[in-house]
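Biologist: I would like to go through the labels used for this protein one by one. Please show the structure, then say what each label rests on.

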Amino acid sequence: MNIVDITSRDNAFLKDLRRLAQDNTAYRKQGRVWLEGDHLCRAYLARGGQPAIAVFSEDEWLRSQAAYVGCAPRFVVVKTALMREVSGLESPASMGFVVDWPGTPALDLHAPTVVLDRVQDAGNVGAILRSAAAFGFTQVAALKGTAALWSSKVMRAGMGAHFGLRLVDGLALADIASLQVPLLATSSHGGRHVHEGGLPFPCAWILGHEGQGVSAELEALAREKVRIIQPGGEESLNVAVAAGICLHASAAGQWRPGHA
């Protein structure tokens, strides 16, 4: 195995790793993504991925090296105190992978899609990606102003959903208008209720900004507006919660008895 030990805070690789972990857009400059923690790393390996570099703290390397032997062409072992400085988390992980960023693919005009309209909270974006992957939506199309899809915060919230999705970001209104599946816009004040059924699939669900909702321009592109009944009387739902309900309702119509 190719193993490199890092003991200096000023090591160039360690500086790049800090940027990947803490700068939301550093992956675009470096062409690589930081997967922090055992869960994300195992999810990546389960999808057949091979990391460029596997990184461990000294303590974690002693505990876990046998489980990861052969998973990467290069291993880096970092002094435990320095490894804690890599992450911006209060309880940082003790291992992670540096993987090649797949870049931004072309938009698949016919795929079941989730459209993110300036959804800014990384936790919301990651949770939406999880719902998309769970309910058979294979593509996420993010307009400009949405949280960076491959940032470390979104990666952690996505819990591995990234590895099963086509992720297209930096899009404009014209890109969404080119989709060849029916567009459905979520709304808190108009349209039919999601539980009424009859939703198309494949389709593209448009989910809007946490405070402003779906833009008027995008709403105008939608075949129809759909809302979620709220007997408790709340004004609106968190966008990630709304996404889970809508994506499930849309996909559920395609399930047949005997199919999981």
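Biologist: How many aromatic pairs does the structure hold?

Modeller: This is a predicted model, and the structure holds 8 aromatic pairs.

Biologist: What makes Tyr-27 and Trp-101 an aromatic pair, and what is its geometry?

Modeller: Their ring centres are 5.2 Å apart, and the limit for a pair is 6.5 Å. The planes stand at 70° to each other; an angle over 60 degrees counts as edge-to-face, so this pair is edge-to-face.

Biologist: Which parts of the chain does that pair link?

Modeller: Distant ones: Tyr-27 belongs to helix H2 (residues 26-30), while Trp-101 sits in the loop between strand S5 (95-100) and strand S6 (113-117). The two residues are 74 residues apart.

Biologist: Why is Tyr-27 called buried?

Modeller: Because its relative accessibility is 3% and buried means under 20%, Tyr-27 counts as buried.

Biologist: What is the geometry of the pair formed by Tyr-44 and Phe-163?

Modeller: The pair is edge-to-face, with 5.2 Å from centre to centre and 70° between the planes.

Biologist: Are Tyr-44 and Phe-163 buried or exposed?

Modeller: Tyr-44 has 14% relative accessibility and Phe-163 has a relative accessible area of 17%. The cut-off for buried is under 20%, so Tyr-44 is buried and Phe-163 is buried.

Biologist: Which residues do ring pairs link into a cluster?

Modeller: The cluster consists of Phe-56, Trp-61, Tyr-68, Phe-75 and Phe-97.

Biologist: How do you know that Arg-74 lies over the face of Phe-13?

Modeller: Arg-74 is at 5.4 Å from the ring centre of Phe-13, and the distance limit is 6 Å. The charge must also be within 35 degrees of the ring normal; Arg-74 is listed as lying over the face.

Biologist: Which residues form a nonpolar patch on the surface?

Modeller: Met-1, Ile-3 and Val-69 do, with about 290 Å² of accessible area together. Met-1 lies in the segment before strand S1 (3-6).

Biologist: Why does Met-1 count as exposed?

Modeller: Exposed means over 50%, and Met-1 has 58% relative accessibility, so Met-1 counts as exposed.

Biologist: Is Gly-103 buried or exposed?

Modeller: Gly-103, in the loop between S5 and S6, has a relative accessible area of 18%. That value is under the 20% cut-off, so Gly-103 is buried.

Conventions: Residues numbered from 1 in each chain as written. Predicted model: local features only at pLDDT ≥ 70, side-chain atom pairs only at ≥ 80, totals over all residues. Heavy atoms only, no water. Phe/Tyr/Trp six-rings, centres within 6.5 Å; stacked < 30°, edge-to-face > 60°. Helix = DSSP H or I, 4+ residues; strand = E, 2+ residues; numbered from the N terminus. Buried < 20%, exposed > 50% of the residue type's maximum accessible area, 1.4 Å probe, protein only. Patch = residues over 30% accessible without salt bridge, like charges linked within 9 Å, V, L, I, M, F, W, Y side chains within 5 Å. Areas by Shrake-Rupley, 256 points an atom, 1.4 Å probe, with all protein chains shown as cover. Salt bridge = Lys/Arg side-chain N within 4 Å of Asp/Glu carboxyl O.
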